[in-house]
Amino acid sequence: SEILTPEEIIAHWPAVEAADKKEVTSFVSHGIFKLAPASDSDNTIDGTWVRKWSDRSKGLVKSRCCGRGFLDRQKNSIDRHSSTASRLSHRLAVSLAAQYDLVIESLDISTAFLQGLKFSEVVRRAAELGHEVKQLRK
């Protein structure tokens, strides 16, 4: 999916606005932020919108509100890890699957990041969808 140009954002504003509202609604429903006056805040982080076509032929837009973490005063004191497979890892997995005649499946749990899911919860939800998730390293 490709990022919308400024001209496309204007031309397709109703779809963009709907996608933005969906993103904000997700943040609110998961209790991500607490609204407070700026004067009461000791760590204000701004953000930017990233808007991509989810299906250009249907005029569907996907919006993401991304915080600009470099402004976070607590960024060096917060323990964080985001284990995302690299391109090399993907290629190795596909190569091994082809070599050993294995089936590869992909699973995406919507808003998993916002929900802060533990591995055990991902396993449970995947099982509800008929998938099996295995922890490959300890």
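**View 1. Leu4 and its contacts in the predicted model.** In this predicted model, Leu4 is in contact (heavy atoms within 4.5 Å) with Ile9, Val16, Arg51, Lys52, Trp53 and Val61, leaving aside residues up to four places away in sequence. Local features need pLDDT of at least 70 and side-chain atom pairs count only at pLDDT 80 or more, while totals for chains, interfaces and linings use all residues. Residues are numbered from 1 along each chain as its sequence is written, and side-chain values use heavy atoms, with hydrogens and water left out.

**View 2. The largest nonpolar core.** Leu4, Ile9, Val16, Ala19, Trp53 and Val61 form the largest nonpolar core, which has six residues. Such a core is a set of buried Ala, Val, Leu, Ile, Met, Phe, Trp, Tyr and Cys residues joined through side-chain atoms within 4.5 Å. Buried means under 20% relative accessible area, exposed over 50%, and partly exposed in between (1.4 Å probe, protein chains only). In soluble globular proteins, nonpolar side chains tend to be buried together. Of the 138 residues of the chain, 14% count as buried.

**View 3. Trp49 in strand E1.** Trp49 lies in strand E1, which covers residues 47–55. Strands (E, at least two residues) and helices (H or I, at least four) are DSSP runs, numbered from the N terminus. With a relative accessible area of 32%, Trp49 is partly exposed.

**View 4. The whole chain.** Five helices and two strands make up the elements of the chain, and their order from the N terminus is α-α-β-β-α-α-α.
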